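This briefing goes through one protein model, from its overall architecture to single residues. Please keep the sequence and the coordinates at hand while reading.

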Amino acid sequence: MAHFLSHLLNDDSSQFQLINANTDAVVASTLLTAFDSASRRTGLLNHTSLSLGTAMIIAPCSAVHTFFMKFPIDVVFVAKDGRVLKVRRSMAAWRLSGSFGAFATIEFAAGQVPADVRRGDVFSVVRVGR
């Protein structure tokens, strides 16, 4: 079964954006990826911040922790079809969160997930200049 990240996996030479298909709004214009075991384990631990408009997509992943994190994050848990299952805002250090059925987590600096993003929205990854 294809998933909402398929385009990103098959073409690493292009710039992609994360779009909320319900509102057609850009959720993130710069995407960092963590698709292999080592990068999923590290995630954002080596970062001291994330730039405005940047998100890290971790897949496969249904739960995250913020142990040793240097800044709070917003986390969106997403199903394989891109459907938002859960939004966790301003997750401080030393916390755990997960979502049953999540295929990926998308992490942002705290306060960067638009206020209108909610459960049931559908995210898609699109090539810039679609």
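Helices and strands are here DSSP runs, of at least four residues (H or I) for a helix and at least two (E) for a strand, and they are numbered from the N terminus. In these terms, His 3 belongs to the segment that precedes helix 1 (6–10). The model is a predicted one, and it contains 2 helices and 10 strands.

**Overall architecture**

- The order of elements along the sequence is α-β-β-β-α-β-β-β-β-β-β-β, and the C-alpha trace spans about 40 × 30 × 30 Å along its principal axes.
- Of the contacts between residues at least 6 apart in sequence, 68% join residues that are at least 24 apart.

**Surface and charge**

- The protein exposes about 6,700 Å², of which carbon and sulfur atoms supply 52%, while 43% of its 130 residues count as buried.
- There are 13 positive and 9 negative side chains, and the centres of these two sets lie 8 Å apart.
- Asn 46, in the loop between helix 2 (37–42) and strand 4 (54–58), counts as exposed because its relative accessibility is 66%, where over 50% is required.
- Between Asn 46 and Val 113, which are 67 residues apart in sequence, the C-alpha to C-alpha distance is 21 Å.

**Nonpolar cores**

- In soluble globular proteins, nonpolar side chains tend to be buried together.
- The largest nonpolar core here has 22 residues, and those with the most contacts inside it are Phe 4, Leu 5, Leu 18, Ile 106, Phe 108 and Phe 123.
- Two or more residues of this core come from each of several elements, among them strand 1 (16–20), strand 2 (25–28), strand 6 (73–78) and strand 10 (123–127), whereas strand 9 gives the largest share, 3 residues.
- A second, separate core of 17 residues includes Leu 44, Cys 61, Ala 79 and Ala 102.
- Not counting residues up to four places away in sequence, Leu 5 touches Phe 35, Ile 57, Ala 59, Phe 103, Ala 104 and Val 125.

- His 3 counts as buried because its relative accessibility is 19%, and the cut-off is under 20%.
- Apart from neighbours within four places in sequence, His 3 is in contact with Leu 9, Lys 80 and Phe 103.
- Thr 105, found in strand 9, is buried with a relative accessible area of 0%.
- Among the residues that Thr 105 touches, leaving out those up to four places away in sequence, are Met 56, Ile 57, Ile 58, Val 75, Val 76 and Phe 77.

**Backbone geometry**

- Most residues other than glycine have a negative phi, and most peptide bonds are trans.
- The peptide bond that joins Ala 59 and Pro 60 is cis, with omega about -10°, and Pro 60 lies in the loop between strand 4 and strand 5 (63–65).
- Asp 24, in the loop between strand 1 and strand 2, has a positive phi of about 65° although it is not a glycine.
- Ser 90 also has a positive phi, near 50°, but its place is in strand 7 (residues 84–91).
- With 46% relative accessibility, Ser 90 counts as partly exposed.

Key. Residues numbered from 1 in each chain as written. Predicted model: local features only at pLDDT ≥ 70, side-chain atom pairs only at ≥ 80, totals over all residues. Heavy atoms only, no water. Buried < 20%, exposed > 50% of the residue type's maximum accessible area, 1.4 Å probe, protein only. Contact = heavy atoms within 4.5 Å. Areas by Shrake-Rupley, 256 points an atom, 1.4 Å probe, with all protein chains shown as cover. Lys, Arg positive; Asp, Glu negative; His and termini not counted. Charge placed at Lys NZ, Arg CZ, Asp CG, Glu CD. Core = buried A, V, L, I, M, F, W, Y, C linked by side-chain atoms within 4.5 Å.
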